[in-house]
Amino acid sequence: MAASQLSETLEVTNQSDGPEEARNPNTPSKEWTNPEPFTLACPDGSFVKKILQRGSGLDKPKEGSKCRVCVEVEPSCNFDTATHFQNGINRSVEMILGESDTQFAQIIEKCVETMLLGEQCEILLALGLAEIFTDRGKKLRLTVKLEEFTLHQDSWQMGFEEKWQVAMQHKAKGTEYFKSGNLFGAALRYAKSLRLLVTAKYDVPLEKGEEYDQTRKALYSNLAACQIKQKQYRNVIQNCSKALEIDPDSMKCLYRRGQAYASINEFDKAKGDLRRVLKLEPGNSAAAQQLRVLNEQVKAQNEKMGKAMSKLFI
């Protein structure tokens, strides 16, 4: 999110929008435990957390922690729970951090990871983001309370086999989401799987080396498949390039990277990838068609540029 949007969101949080008692430090607070709540901005700029009631202790939940939370949404009639937060709203529910598969659930997770036991806070979404979660384009008031949670070990505390098992679970879930059309959830799971495998790089047993490399290649390729549908072309190029470092002859990655290069007008690189696909598989009709389209685009662009240049000398 742009810095100006985050700044504007922070300005909103600094306005006195609480009860009159909360705005006057000399008046005992009835509704808010902390009469002067402080704010914390999420690093990615998606929301600002405003603490309404401080928690206790020093520990905070982390990925893998099982939490009991209460997420209140007002007005609830404008919020599609089935689409955005199947755990449920306006009641105590359980969630495991790291298993969010919608944008809304991920925001709740990021907030919960910053909370202490018993803490209650309000989430102020970035400008324009709240409208994504409503069917009427109206704003929502979100509050979250962390009621219980279990501690969970960090990934660096896991052995290789445990990391591998968790990574494979994320990979399988990602494929399930991809097939059902949930590209956000699929990309999230593939990325989580990759992060775990990357941290296990120097612990891979010798007999597992080939499977480890092929799995990483598949994950980079699958992640790129999600991203190309979401028009995240530079991410596609990055992930396909990583997969091609493992297997330079991966036709899926060459083809996807070629499509991504073409989409950002890097035509020479796109042609190189598509020609490489045709060299590996001369009968690949998709690559041949894409190359014909690309050649037509380059020709049209050159003609347009030629006309523009000719006017300079009239």
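## Contacts of Ser100

Ser100 touches Ala105, Gln106, Glu109 and Leu188, leaving aside residues up to four places away in sequence; a contact means heavy atoms within 4.5 Å. Ser100 sits in the loop between strand 4 (92–96) and helix 4 (103–112). Helices (H or I, at least four residues) and strands (E, at least two) are DSSP runs, numbered from the N terminus. With a relative accessible area of 4%, Ser100 is buried. Buried means under 20% relative accessible area, exposed over 50%, and partly exposed in between (1.4 Å probe, protein chains only).

## Basis of the values

This is a predicted model, in which local features need pLDDT of at least 70 and side-chain atom pairs count only at pLDDT 80 or more, while totals for chains, interfaces and linings use all residues. Residues are numbered from 1 along each chain as its sequence is written, and side-chain values use heavy atoms, with hydrogens and water left out.

## Salt bridges

The structure holds 14 salt bridges. A salt bridge is a side-chain nitrogen of Lys or Arg within 4 Å of a carboxyl oxygen of Asp or Glu.

One of them joins Arg141 and Glu122, whose closest N and O atoms are 3.6 Å apart. Arg141 lies in strand 6 (residues 141–149) and Glu122 in strand 5 (residues 120–125), so the pair ties together parts that are 19 residues apart in sequence. Arg141 is partly exposed at 32% relative accessibility, whereas Glu122 is buried at 7%.

Another salt bridge is formed by the side chains of Arg276 and Asp249 (2.3 Å, N to O). This pair links distant parts of the chain, 27 residues apart: Arg276 is in helix 10 (residues 267–280), and Asp249 is in the loop between helix 8 (233–246) and helix 9 (251–263). Arg276 is partly exposed, with a relative accessible area of 29%; Asp249 is partly exposed too, at 38%.

Glu176 counts as partly exposed at 45% relative accessibility, and Lys173 counts as partly exposed at 28%.
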